[in-house]
Amino acid sequence: EGATRHVSVHAAGVVIAPEPLEDIVPLMRNKDGRPAIQFDMDQCKKLGLLKMDFLGLRNLTVIDDCRKRVEARHGRPLDVDNLPLGDEATFRMIAEGHTVGMFQFESSGYVDLLRKMRPSNIEDIVAAGALYRPGPMENIPLYVSSKHGGHPVYPHPDLEPILKDTYGIMIYQEQVQQVAARMGGFTLGEADMLRRAISKKDPELMEKYRVRFTEGCARHGYARELAEQVYAQIEKFAGYGFNRAHSAAYGYVTYQTAYLKTNHPVEYMAALLTSTAGGKTNKKDSAAVYIAEARRLGIAVLPPDVNESRADFTDLVDPDARPDRPGTIRVGLGAVKNVGSTAVDAIIAARREGGPFQSLTDFCRRVDLKVCNKRAIESLIKAGAFDSLGQPRARLLAGLEQSMKAAQARAKEMARGQRSLLDLLGGGSGGDAGAGPVADVLPSLPEFDAKELLAQEKDVLGLYISGHPLDSVREALYQRTHSIASLRDRSDGDRCTVGGIVSGLRRTSTKKGDAMAFVAVEDLTGQTEVVLFPKVYAALDKELVQPDRLVLVRGKVSWRGERRAAEAEEGAAEEGDAAGEVTVVADEVESFLDGPTAELAAATAAEEYLATPTRGAPERFVVDVPTAADDLGLQLLLAVLRAHPGQLPVEIRFREEGRALVAGQALRVDGSGALARDVGAIPFARPQR
């Protein structure tokens, strides 16, 4: 006891000294080999050493990347450090709460604050960053009412110059110092010592400074009652107050991201996606949210392509761009699993030298297979990077090995100087002169179903690009649940309801031998782990938590605690495990297709169906479905139809495509109201007369 528990290094702290540090303090090597001081920051301070924190924000890289893209697109410089601060469209987007991808403002709490505040200038943005903290947060209603129609109330008219920009409310540490100087006669240095004393909540020091402040106020002509009132505000505030200089710097970065997203959405979202899905951070959940936001902005997000993609996400020039459809983003090759930077460089170099790839075999001949190996090419195929060549992914995967062998044999022939008759006739391209276009010889196989194609995309990209298994039930899903992405904005122990598709299941037992499970549930915004403790798991229909099932989970948000408790039960907890992860501890799990909302939808659909007039007996039972209906949903629809056998043919209409599919003799239904009700219970399907 009393010994140092472990060694840790400040993530951003740098110690500066006028002479070599090894002459002053003991040093060590940290994990990456860099020197670190063995004293803690308080000991360094006592020695008179200067410690400074240098923060590295990923957002600064995004801003700079976006700047370069805008300059390349428009051919003129963009000074991101001197943006116009009164851009109305930017403030309108912030006030509407469309803050996905903006620095600081992405959480639901901030969105709620901004919608109430309706920022109209940079000072509001700076203030928002300082207000959304414990302590100052209780002043949000007063700030909002004073800004919109109310009249700022100053403790004394002399304080108006200090508190004018924040509508009479002390928000910043600098304001505390200025108030102490103006009313109590403190120097700014003494006022900072006052702020520090209060922040440490030392009763003796707080009383000492209270006496000094009130006496100073009396000397400057202020009433004792007013002095006590102002000091009480200072006491209440100082422990949580934010530094205005810090808030202003952060606020400007926030404004930069908001301005770029508003005025250069394609370039900004491409830079943002590069920093998440394509970078070392590998924040796939964030990337899924950003892709959804890009599509909300009217930006098409296309899968990677060996003939078009660069290493990063690319913003494409759209000659027909307009406000509701500003452009297109192409996923970068670097975002594909198992495709390293050397493989990407080799692909781009071969494309630059010999033009677009004509086939898989052509690709294998021209790209160095030592750096772009079979595993990398398989991942590219699964990601859709060869789709533009016109061959199904199933055939490309089945024929890959043969294409690689043919390319390797060709390379050996060329190395030995053996040239074919076609070579001698001239033509060809790239490093394989005279080869000409090379057609693939691929096995004749059917394409994978939609479910398998999406699963492969998710495996190699970490997210879905061409679609999502839940697209067909999107609207119904979010009418009943919180998005998984929003769980990070909720507190430990908050009640929540999440829904989605089961993407993983791990059964285990407690130390006592009771069965329990961890279930991965995924919606369109991300994935979370659901903990099923023995009591809940024992009462559960185990079929509900099988992979690919649609489920609804009711429970509570857990930040580490319950997850650690679950693993302790299991006997598998390790130090530091699950840190920073949000999970859901389930009280109840049910099929997404059950419950009151589904029943209401079913009743409404049946009522509409039965109320629709017909001319004579119906000739067919028609079901309207979205084109995006996934394989899982269509299988469910098929099961419902088969449960109501009869004589009527079934017609499935795909609403976006304007096409229809008529089932064969094996599928006939009774056309009853009960059938209409059951079909209506499927969130994406609607029976039609």
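Which residues of α15 are buried? Before selecting them, note that this is a predicted model, in which local features need pLDDT of at least 70 and side-chain atom pairs count only at pLDDT 80 or more, while totals for chains, interfaces and linings use all residues. Residues are numbered from 1 along each chain as its sequence is written, and side-chain values use heavy atoms, with hydrogens and water left out.

**Stop one: helix α15**

Select residues 341-354, the 14 residues of helix α15; helices here are DSSP runs of H or I with at least four residues, strands are runs of E with at least two, and both are numbered from the N terminus. The buried residues of α15 are A343, V344, A346, I347, I348, A350, R351 and G354, where buried means under 20% relative accessible area, exposed over 50% and partly exposed in between, with a 1.4 Å probe and protein chains only. At 1.5 Å a residue the helix should span 20 Å, and its end C-alpha atoms are 20 Å apart, which agrees; the expected span is 1.5 Å times one less than the number of residues.

**Stop two: aromatic rings**

The structure holds 12 aromatic pairs, counted when ring centres of Phe, Tyr or Trp (its six-membered ring) lie within 6.5 Å, with planes under 30 degrees apart called stacked, over 60 edge-to-face and the rest tilted. Select F363 and F386, an edge-to-face pair with 4.9 Å from centre to centre and 80 degrees between the planes. F363 lies in helix α16 (residues 360-366) and F386 in the loop between α17 (374-382) and α18 (393-415), so the pair ties together parts that are 23 residues apart in sequence. F363 counts as buried at 0% relative accessibility, and F386 is buried with a relative accessible area of 0%. Next, select F91, Y252, Y255 and Y259, which ring pairs link into a cluster.

**Stop three: strand β7**

Select T328, which is placed in strand β7 (residues 328-330) and is buried, with a relative accessible area of 16%. Leaving aside residues up to four places away in sequence, T328 touches V266, I299, A300, L302, T314, D315 and L316, a contact being heavy atoms within 4.5 Å.

**Last stop: charges over rings**

Select K542 and Y537: the charged end of K542 sits over the ring of Y537, 4.7 Å from its centre. Here NZ of Lys or CZ of Arg must be within 6 Å of the ring centre and within 35 degrees of the ring normal. Finally, select K208, whose charged end sits over the ring of Y209, 5.8 Å from its centre.
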